[in-house]
Every structure is written in C-alpha cells, then in structure tokens.
Amino acid sequence: MNARHVAGILLRHYYLLRGSPTRVLPTFAWVAIDIVLWGFITRYLDSVGPSGMDFVPTLLGAVLLWDFFSRVMQGVTTAFFEDVWSRNFLNVFASPLTIAEYVSGLVLTSVITSLVGLLVMLLLAGGVFGLSFFSYGILLLPYLLVLFMFGIALGVVASAMVLRLGPASEWLVWPIPALLAPFAGVFYPLSTLPAWMQAVGRLLPPSYVFEGMRAIIAGRPPDWSALAGALLLAAVQIVAAGWCFARVHRYAVRSGLLARYSAESVS
Amino acid sequence: MPDEPHRGPVLSVAALRKHYGDTIAVDDISFAVRRGEIVGLLGPNGAGKTTTLNMVLGVLEPSAGRIVIDGLDVARHRAEALATVNFAAVYAPLPGNLTVWQNLRVFGLIYAVPDLRTRIEQLLEQFDLQTFRDSKCGVLSSGEQTRVCLAKAMLNQPRLLLLDEPTASIDPASARELRQMIRAIADRGDSGILWTSHNMHEVEAVCDRVLFVSRGRVLLEGDPRRLPAERGAASLEDLFIRVAREPLSFGAGAGA
C-alpha cells in the first residue's frame with residue numbers, strides 16, 4: 001500500500017470540506033438536531049416518569065451512539081459519492097491507485113468527519129442535557145469501536161452497491177441506518193422483537209453494544225464475551241465488505257460498467 | 001516509474017478482443033507504439049477506439065489478448081504499468097469542485113510524482129494556467145479545462161500518453177500550440193503517444209503513423225501523409241470517409 005496514493009484521496013476530501021461550508025455542516029448539523037430533539041424528549045420523560053427513572057443515559061445515549069454509527073457509514077459513502085457526482089471514476093481508476101488504497105482513503109476521510117460529529121455530539125449531550133459518557137465506563141471505547149467498524153463495513157458495502165447498480169441507487173443508501181435501527185435494538189432489548197427480527201439483530205454488531213449499554217445502566221455486569229463476539233463479527237464484516245467492493249469493481253471492469261459510469265453519471 | 005527503462009515498444013497490444021455477449025466491440029487488434037512515436041487511432045464513432053483505450057487504461061478487461069506497457073503486462077502488473085501511463089479525454093474532466101492547483105496536487109500524489117510542487121509550477125507555466133491556479137476547474141472554459149486535463153496527463157512524465165480527441169474543444173490557435181507541445185514531448189524520445197481525433201488535418205500534421213479502425217478491427221495502417229495516395233484517395237479525410245462507409249472493401253468482416 002502506497003501512503004502517498006492514500007494521501008491523495010484524503011487530500012481531495014480535505015480540499016472539498018475546506019472549500020465548502022455546505023459539506024462541513026452535515027458532519028455535525030443533523031446529529032446536533034437529533035441530540036437536541038431527543039434531549040428534550042428525555043427531559044420530558046424524566047419529568048413524567050416514575051421518580052428516580054433517568055432516561056438520559058438510556059435514550060439520549062442510544063441516539064448518540066446510533067448517530068455516531070450513521071455518521072461513520074455516511075462518511076464513507078459520501079466520500080465515494082463525491083467521485084460519482086464529479087464523474088471522476090475514469091481519472092481515479094485509470095491511475096496506479098489500487099482498490100485497497102482507494103477504500104483506505106474513503107475510510108480515513110470517514111474517520112475524520114465522524115470524529116468531528118462525535119465531538120459535537122458529546123459537547124451538546126454533555127453540556128446541555130447532562131449526559132455523562134463516564135457512566136458507561138471504560139466500555140465506551142470498545143462500544144464506539146464496534147459501531148465504527150460496522151459503520152465502515154456498511155459504508156463500503158453501500159458504495160459497492162452504488163458502483164454495481166448505478167448513480168441513481170444512491171437514494172437506496174441514505175435510509176439504510178433507519179432501516180437497520182429496529183433490528184439493532186437501539187431503544188429496546190432484542191427480546192422485545194419477534195424471533196426472526198432477533199435473528200437479524202444478532203447479525204448486527206451494534207445490537208450487542210446497545211444490549212451492553214442497557215446492562216451497565218441497569219447495574220448489571222457487562223457481558224465481555226458478547227462484546228468480544230461483536231468485535232469479531234464487525235472485523236469479519238469489514239473484511240467481507242472489502243472483498244465485496246473488490247468483486248464489484250472486478251465485475252465493473254469486466255462488464256464495461258466502470259468505463260460507462262461517467263456517461264451514466266450525467267444521465 | 002521503473003528505474004531501468006524498457007527499450008522495446010512503449011505499448012504493445014496483441015490479439016486484443018472485447019465482446020459483450022454476441023456483440024464484438026474489438027476484434028483481434030494488434031499494434032505497437034514505439035518511443036518517440038505518435039500513433040493516430042482513427043475510425044468512425046463506434047469503431048472500437050475508446051474501447052481499446054479503456055482496455056489499455058485498465059478500466060475495461062479484455063475478453064482475450066495481451067497489453068504490455070513499457071514491458072509490464074497490464075493484466076498482471078496493473079498498478080506498476082499504470083504508473084507509467086497517463087491520459088486526457090474530453091469525457092473525463094477533472095473534478096470541477098477543486099481548483100486547478102488542488103486537482104494537480106491530488107493527482108500528483110496519486111501518481112506519486114517526486115518534487116510535486118516544482119512539477120506543478122512547471123506544468124502551470126507550460127500550459128499557461130498560472131492565472132487559473134486558484135480557479136475551480138468547473139468554472140473554466142472547455143478549452144481551459146482541456147489544458148488542465150493535459151497538465152494532469154503530463155504530471156508523471158508518462159512513457160505512454162493516451163489522448164482521446166485532445167483538441168476537440170479548443171480554438172485553432174491553442175490547438176496548434178498544443179500539437180507542437182505534444183510533438184515536442186514525443187521528439188524527446190522517451191515517450192510514445194496514442195492519439196484519437198476526427199480532425200484529419202491535425203492527424204496528418206502530428207501523427208507518424210495511423211491505424212484505421214472500423215467494426216473493431218484495424219483495416220489500414222501507415223504514414224498519414226502517404227497512405228491516401230497509396231489507397232487512391234484524394235486526402236486522409238477522403239480515405240477516412242471511404243473506410244467508414246465501405247469497411248468491407250478494406251477487409252472488415254473477413255474472418256469474422
């Protein structure tokens with residue numbers, strides 16, 4: 001892997017963000033709106049719920065962690081879409097850049113943009129609504145890592161889908177986090193769901209994060225084996241996502257899809 | 001780029017084929033581009049020129065055949081081979097939301113160009129782009145955008161330069177300057193250039209050799225200044241029209 005090649009992809013997105021406030025705003029604006037909305041909802045629930053009930057770490061924490069995952073995923077897909085929108089595929093893929101270097105560039109871009117989003121979320125949730133992430137203890141770090149890894153894996157798969165199905169399929173990508181949220185048990189235990197939805201949920205690493213988060217808030221000991229399983233599952237999914245992107249790219253090169261992509265991008 | 005330059009042809013294409021199901025886009029094409037040579041790839045729309053270029057650039061996989069760039073097989077050493085190539089095409093503009101400088105910097109990193117800042121300054125001067133260095137490419141005129149694409153194509157001082165209708169959107173004066181510039185690059189002797197154009201006067205002025213392609217096959221090959229007379233045509237344009245209209249009389253379809 002050539003670091004200069006990866007730096008080229010990263011630099012391109014840095015230039016785009018630096019020169020365009022409309023690109024910077026979404027890195028934190030939507031998550032900030034979510035935090036404000038759910039912050040007031042939890043405040044209201046705390047006031048009408050049984051005495052001693054604290055919805056802040058349960059609901060607001062869940063919203064924050066889910067938004068973090070969504071931002072990571074969209075960080076990858078948006079970076080990929082920039083090449084779709086600017087009809088840049090031929091310039092990128094007819095260069096010495098390898099697929100691993102290209103995808104690494106997208107992932108690093110997502111790391112930076114999602115960390116900005118996370119920082120804003122933490123400041124807002126902590127400063128305005130009193131959410132302390134120290135209440136989750138040291139487990140917060142592996143939880144964030146699981147969400148980050150799953151966000152990367154899903155972002156890479158979603159990019160592969162757009163490469164395979166064409167620019168118009170971009171609109172299938174945006175609702176993916178909303179589609180997965182019911183299965184991941186963001187706001188309720190997996191046991192609430194019917195059996196088939198629980199089966200799907202167990203394939204989603206974030207479901208173990210939210211189960212673990214609720215356990216900590218309820219004062220139960222964390223399930224270390226579930227956490228290790230979630231990390232392993234997310235790692236396997238990242239490898240599978242990279243393989244999927246490489247396969248789709250290979251198909252696009254073989255079928256002529258990649259060569260035609262620039263023309264289709266403007267249709 | 002490799003330290004020890006390969007001394008054979010800069011591009012060698014052998015028995016290249018591309019088909020999509022029953023449709024044959026390129027049918028058993030073989031040719032070479034030598035160092036210091038500008039080869040014109042001519043033919044009507046849909047003849048297979050861009051398909052051939054796309055295969056050389058590694059964005060389209062051949063159904064059969066072999067492409068060797070500067071001694072490197074593209075199928076087996078894609079990244080190394082493409083490090084010695086670059087291209088400019090009207091259908092591949094650089095991102096319009098980056099400035100000229102930013103685009104050259106990004107692609108300079110992707111092509112791992114040494115001493116990148118100096119190289120960019122040289123190219124801005126060479127292609128008369130200093131005034132536009134901080135302008136976003138999307139707001140430039142089509143001629144200016146072409147010059148930026150050509151500057152990007154020259155970033156890594158490629159051994160093989162592919163130019164798909166490079167002068168299609170620029171005025172005659174700029175086109176002449178550009179032709180002289182590209183001719184000078186070829187005359188240095190390290191690089192070979194594959195050039196497609198529909199402007200036969202330009203091809204006659206620039207190319208050392210031309211390949212007429214129709215229906216995915218090379219029908220004629222030769223010196224663009226002598227070929228029309230050899231084939232009983234009044235001019236290269238006349239010959240082009242005959243090849244486009246009557247490919248069968250030049251051997252297209254034989255053996256297909």
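This is a predicted model: local features need pLDDT of at least 70, side-chain atom pairs count only at pLDDT 80 or more; totals for chains, interfaces and linings use all residues.

Biologist: What makes the 4 strands of chain B an open sheet, and in which order do they come?

Modeller: The order is E2-E1-E4-E5 in chain B, with antiparallel pairing. Strands E2 (23–33) and E5 (72–73) of chain B are the edges, each pairing on one side only. Strands here are DSSP runs (E, at least two residues), as helices are (H or I, at least four), numbered from the N terminus.

Biologist: How do you know that strand E1 pairs with strand E4 in chain B?

Modeller: Two strands pair if DSSP finds at least two bridges between them. E1 (residues 11–20) and E4 (residues 64–69) of chain B are joined by 5 bridges and run antiparallel, so they count as a pair. For Arg17(B), the bridge partner in E4(B) is Ala64(B).

Biologist: Why is strand E6 of chain B called mostly covered?

Modeller: A residue is buried if 20 or more other C-beta atoms lie within 10 Å of its own, exposed if 12 or fewer, and partly exposed in between, with C-beta atoms placed from the backbone. In E6 (residues 85–89) of chain B, 5 of its 5 residues are buried. On one side these are Val85(B), Phe87(B) and Ala89(B), and on the other Asn86(B) and Ala88(B). E6(B) also pairs in the parallel sense with strand E7 (residues 160–164) of chain B, over 5 bridges. There, Phe87(B) has Leu162(B) as its bridge partner.

Biologist: How much of chain B is buried?

Modeller: Buried residues are 51% of its 256 residues.

Biologist: And what makes chains A and B count as touching?

Modeller: Two residues are in contact if their C-beta atoms, placed from the backbone, lie within 7 Å. By that test, 27 residues of chain A are in contact with 26 residues of chain B. Helix H1 of chain A gives the most to the chain A side, with 8 residues.

Terms used. Residues are numbered from 1 along each chain as its sequence is written. Chains are lettered from A and ligands numbered from 1 in the order in which they are written.
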